[in-house]
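Morning, everyone. Let me put the model on the screen, and then I'll walk through it.

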Amino acid sequence: MERLLEQFGRITLGEMADVRLMNRIDTKFVTTQSVLYRLLSMAHDDYLVQEIGGERNMRYLTTYFDTEDFDMFYVHQSGHTNRQKLRFRTYVSSNLQFMEVKTKNNHGRTRKRRMQVDGMDIMETGKRAFICEHLRYRPERLHRVLDNDFHRVTLVNRALTERLTIDTGLTFHNPLTGVSVDMAPLVIVELKRDGLCPSPVLEMLRRLRVFPLGFSKYCIGSALTNDSLRVNRFKPRLMSVAKIASSDNWQIP
């Protein structure tokens, strides 16, 4: 993949400030490594790749928090469009960590609020105040429920109206159950744009026969690593994901 990424022009982290898209519409796609290579071969004329410290495929670490009764998980599973998540994300390449609250409203828009932090003690004064302001759950109800590790390539269209994130090497670890799952054969592509502006990649994905498929890292990772959760509504999604990855011999644990 590194050779394919060398064909792209670069955009720096500072230049990315114009395409933060903190209030956006997200569309996710699930595919495999072989299809990803074809997509990258098609996309280099229309997109720039984010580069930080000479790196274009960067490691991310994410930790999710939820209530003791997993209310955020079940709200998502039940199909509510007005839902929230709390996570800590560490950008390994730039040595930055943020606490983030993601809110998806009933119009399909995702809004992200975040603050830079050092550590994940949510009862510290600053973090607690941030949670109380932006999250509908009280900090004392929350605890760490899932860890996620992956690599991400970020592409930006030349009009600077959208971002395309490409996640590979996806793994999960559940600190409550001790279960880990390696989903490395899968690739998660997410198109993030402010409204329904034209997107070059949509036609490319259509030609590759890759179609939208919802994929919440938190919910899928939780469903695969915690067998005490009720996951009936996620079973069709899990089967779709397993079918996509079947050529790489990945199976639902």
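Ground rules. This is a predicted model, with pLDDT of at least 70 needed for local features and 80 or more for side-chain atom pairs, while totals for chains, interfaces and linings use all residues. Numbering starts from 1 along each chain as its sequence is written, and side-chain values use heavy atoms, without hydrogens or water.

Helices and strands here are DSSP runs, H or I of at least four residues and E of at least two, numbered from the N terminus. Take H2, residues 33–43, and H5, residues 200–207: their axes come within 10 Å and cross at roughly 140 degrees. Axes are lines fitted to C-alpha atoms, over the stretch in contact for helices, and angles run from 0 to 180 degrees between N-to-C directions. H2 is therefore oblique to H5. Oblique is what remains after under 35 degrees (roughly parallel), over 145 (roughly antiparallel) and 65 to 115 (roughly perpendicular).

Now the loops. Phe 70 sits between strand E4 (58–67) and helix H3 (71–77). Its relative accessibility is 13%, so Phe 70 counts as buried. The cut-offs: buried is under 20% relative accessible area, exposed over 50%, partly exposed in between, with a 1.4 Å probe and protein chains only.

Arg 209 also has a positive phi, near 60 degrees. Arg 209 is in the loop between H5 and helix H6 (217–225). At 66%, Arg 209 counts as exposed.

Last, cysteines. Cys 132, at 33%, is partly exposed. Cys 219, at 0%, is buried.
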